[in-house]
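Please read these points with the model open beside you.

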Amino acid sequence: MTSSVRVAYLVSRYPYVSHVFILREVLALRRAGAEIHTFTIRRPSPDDVLSEEAREANRTTFAIVPPDPAALLVAHARAALTRPHRYLSTLRRALALRGPGARATLWQLFYFGESVLMWRECARRGIRHIHAHHANVASDVALLAAHLGGGEWSWSLTMHGTTEFFDVREHRLPQKIELARFVVCISEHGRSQLMSFVGTKHWDKLHVVHCGL
């Protein structure tokens, strides 16, 4: 791996005491020469930042929520003015991924708003690939930000489970697999579960990478 590899890592909450394996993954990739920029949807509480490595990660991680109002406005204005078709297409994609009910629609609008801020910050840093951990809000924001970026952008996902497997529709697993460049599965069982949700043409993008102990 060379220093030319530049990737955004997006997690719903990072660093986090129960996500220490993600922190170790980021540190290992950096030691291997990759340029990893970390993003979190929300910052953890002080009680979840226990080690010096976690405190350093907390200092250097960009938080999406709560957004700075001026930065959010600038991001949306820039996207709407410079790529209006992509901007509207991203909004349509967000709404197309919504579940039933008004609340689901509202959450997708939130994800759309957050994804534009994510896109703007990644564009500013020269990042064109976003990797999300877990099939939750992080993956929703990642796929929308990559869509807004256009053809030269991509996104990927590490699928952990097992929560997501209990409500496949809520987490929109088939759509996320189809839209992702690749999906990391932490077990063969997880990969077999995902294979049942999509057509065979998407199976090659499902890769097993076991979590270390």
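1. Is glycine 199 buried, partly exposed or exposed? The model is predicted, and the answer comes from a computed value. Glycine 199 has a relative accessible area of 38%. Buried would need under 20% and exposed over 50%, so a residue between those limits counts as partly exposed. Glycine 199 is therefore partly exposed. To find the residue, look in the loop between H10 and strand E7 (206-208).

2. Go back to helix H10, residues 188-195. Its buried residues are Gly190, Leu194 and Met195. Seen down the helix axis, they fall within an arc of 140°, so the buried residues line one face of H10. An α-helix has 3.6 residues a turn, so residues three or four places apart point the same way. The face of H10 turned away from the buried side carries Glu188 and His189, which are exposed.

3. Leucine 73 deserves a look. This residue lies in helix H3. Its relative accessibility is 61%, so leucine 73 counts as exposed. The C-alpha atom of valine 116 is 9.7 Å from that of leucine 73, and the two residues are 43 apart along the chain.

4. Check the backbone at two prolines. A cis peptide bond joins tyrosine 14 and proline 15, with omega about -10°. Proline 15 sits in the loop between E1 and H1. The bond from valine 65 to proline 66 is also cis, and its omega is near -5°. Proline 66 belongs to the loop between strand E3 (62-65) and helix H3 (69-82).

5. Histidine 134 is another backbone point. Its phi is positive, about 80°, although the residue is not a glycine. Histidine 134 lies in the loop between E4 and H6. With a relative accessible area of 14%, histidine 134 is buried.

6. Of its 8 residues, 6 are buried, so E1 is largely enclosed by the rest of the structure. Strand E2 (residues 35-42) runs parallel to E1, and 7 bridges join them. From E1 the chain passes through H1 to E2, and this β-α-β crossover is right-handed. E1 also pairs with E4, in the parallel sense, over 3 bridges. Alanine 8 shows both pairings. Its bridge partner in E2 is histidine 37, and its bridge partner in E4 is isoleucine 130.

7. What covers the account of E5? Of its 6 residues, 6 are buried. E4 and E5 pair in the parallel sense over 5 bridges. Within that pairing, histidine 131 stands opposite serine 156. The chain goes from E4 through helix H6 (residues 137-149) to E5, in a right-handed β-α-β crossover. E5 pairs with E6 as well, again in the parallel sense, over 4 bridges. Here leucine 157 stands opposite valine 183.

8. Last, the largest pocket. About 420 Å³ of space lies in the largest pocket. Its lining has 24 residues, and Tyr9, Glu25, Leu29, His133 and Thr158 are the closest to its centre. By class, the lining holds 14 nonpolar, 8 polar and 2 charged residues. Rolling a probe the size of a water molecule over the atoms shows where empty space is left.

9. Which elements each supply at least two residues of that lining? They are strand E1 (6-13), helix H1 (20-31), strand E4 (129-133), strand E5 (154-159) and strand E6 (182-185). H1 gives the largest share, 5 residues.

How values were computed
Residues are numbered from 1 along each chain as its sequence is written. This is a predicted model: local features need pLDDT of at least 70, side-chain atom pairs count only at pLDDT 80 or more; totals for chains, interfaces and linings use all residues. Side-chain values use heavy atoms; hydrogens and water are left out. On a 1 Å grid over the protein atoms alone, a cavity is a set of points where a 1.4 Å probe fits but cannot get out, and a pocket is an open set with protein on both sides within 12 Å along at least five of seven lines; lining residues have an atom within 4 Å of a point. Grid points are joined across faces, edges and corners, and a volume is the space filled by probe spheres set on the points. Ala, Val, Leu, Ile, Met, Phe, Trp, Tyr, Cys and Pro count as nonpolar, Asp, Glu, Lys and Arg as charged, and the others, Gly among them, as polar. Buried means under 20% relative accessible area, exposed over 50%, partly exposed in between (1.4 Å probe, protein chains only). Two strands pair if DSSP finds at least two bridges between them. A crossover is right-handed if, with the strands pointing away from the viewer, the path from the first strand over the helix to the second runs clockwise. The arc is that of the directions from the helix axis to the C-beta atoms.
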